[in-house]
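Please open the model in a viewer and keep the selection panel at hand.

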Amino acid sequence: MQANGFYADDNRGYINFMTNHYLTGTNSDTWSSILYGGDYLTHYNKYVPKPILGKPTILRCPAMPDPQTIHRNVAYAMYNRRKDDTYVYKRTDHGDFSADNSSNVISYVRHRVRTPSTFVLLADSYTTTSSYSQKQYYQFSPSKITEADTSSGGIYLVHQNMANSAFFDGHVATLSARKLAESPGKILYVYSPSGEIISTSL
């Protein structure tokens with residue numbers, strides 16, 4: 001989370017969830033590869049070391065070691081407002097902090113978040129879909145986990161039924177399913193330690 005903060009400091013408060021490749025204009029770079037420089041490019045500033053096969057990386061939870069997968073999509077999950085069906089309501093109370101301008105460019109403006117100390121940006125993650133099954137996955141939606149969607153993931157309660165969660169202001173806390181649901185992001189769907197979907201009602 002600290003690296004995202006440094007990136008925001010250098011880029012007018014913007015935190016990028018996803019952006020297009022600098023050269024191709026397609027094949028979007030996710031938030032983690034933006035911080036380490038991209039899979040194929042070197043135009044980004046290097047805010048974290050690029051993951052290396054068989055070595056630990058700060059982009060993933062040590063409780064889920066996966067030394068055989070090095071990919072921009074295998075990382076902690078960042079909030080994806082494009083998959084959040086309830087963002088239109090949240091922006092009234094918590095600020096319209098989304099600044100994306102296309103399907104492949106999604107950014108957040110940190111200083112527009114009215115509740116930065118309680119709005120979850122990053123958390124432990126998990127997915128059962130696609131080629132990343134049972135690994136961490138780079139995005140989550142508070143309002144759904146759609147298992148048929150090959151680009152779905154969710155927050156993972158891997159630490160004794162809680163998830164390490166980072167907020168827009170940069171601090172980190174460990175939250176239960178109930179606390180995630182009661183947060184401003186209203187994160188209602190998460191994965192249990194065994195990989196089952198948990199739904200919390202408010």
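What follows is a sequence of stops, each with a selection and a description of what is found there.

**Before starting**

This is a predicted model, in which local features need pLDDT of at least 70 and side-chain atom pairs count only at pLDDT 80 or more, while totals for chains, interfaces and linings use all residues. Residues are numbered from 1 along each chain as its sequence is written, and side-chain values use heavy atoms, with hydrogens and water left out.

**Stop 1: the whole chain**

Display the protein chain as a cartoon; four helices and twelve strands are present. Helices (H or I, at least four residues) and strands (E, at least two) are DSSP runs, numbered from the N terminus. Of the 202 residues, 52% count as buried, where buried means under 20% relative accessible area with a 1.4 Å probe, protein chains only.

**Stop 2: the five-stranded sheet**

Select β7, β3, β5, β9 and β10, which form an open sheet in that order, with mixed pairing. At the edges stand β7 (139–140) and β10 (172–176); each has a single partner strand, so one side of each is left without a neighbour in the sheet. Two strands pair if DSSP finds at least two bridges between them.

Now move through the sheet pair by pair:

- β3 and β5 are antiparallel and share two bridges; Ala77 has Ala123 in β5 as its bridge partner.
- β5 and β9 also run antiparallel, joined by three bridges; Val120 is opposite Phe167 in β9.
- β9 and β10 are antiparallel with five bridges. Ala163 is the bridge partner of Leu175 in β10, and Asn164 stands opposite Thr174.

Next, select Gly170. In the hairpin of β9 and β10, with four residues between the strands, Gly170 takes a positive phi near 105 degrees.

**Stop 3: the nonpolar cores**

A nonpolar core is a set of buried Ala, Val, Leu, Ile, Met, Phe, Trp, Tyr and Cys residues joined through side-chain atoms within 4.5 Å. Which residues have the most contacts inside the largest nonpolar core? Select Trp31 and Tyr108, which hold that place in a core of 45 residues. Elements that each supply at least two residues of this core include α1, β1 (14–19), β4 (106–109) and α4 (177–182). A second, separate core has five residues, among them Met64, Tyr126, Tyr156 and Tyr191.

Return to Tyr108 and show its surroundings. Leaving aside neighbours within four places in sequence, the residues in contact with Tyr108 (heavy atoms within 4.5 Å) include Tyr14, Phe17, Met78, Phe97, Leu121 and Phe168.

**Stop 4: the largest pocket**

Select Met1, Trp31, Ile58, Tyr76 and Leu122, which lie nearest the centre of the largest pocket among its 17 lining residues. On a 1 Å grid over the protein atoms alone, a pocket is an open set of points with protein on both sides within 12 Å along at least five of seven lines, a cavity is a set where a 1.4 Å probe fits but cannot get out, and lining residues have an atom within 4 Å of a point. The space in this pocket is about 240 Å³. Its lining draws at least two residues from each of α1 (2–10), α2 (31–36), β5 (120–123) and β9 (162–167).

**Stop 5: a cavity**

To find the second largest cavity, select lining residues including Ser32, Tyr36, Pro51, Arg60, His71 and Arg72.

Methods: Points joined across faces, edges and corners; volume = space filled by probe spheres on them. Buried < 20%, exposed > 50% of the residue type's maximum accessible area, 1.4 Å probe, protein only.
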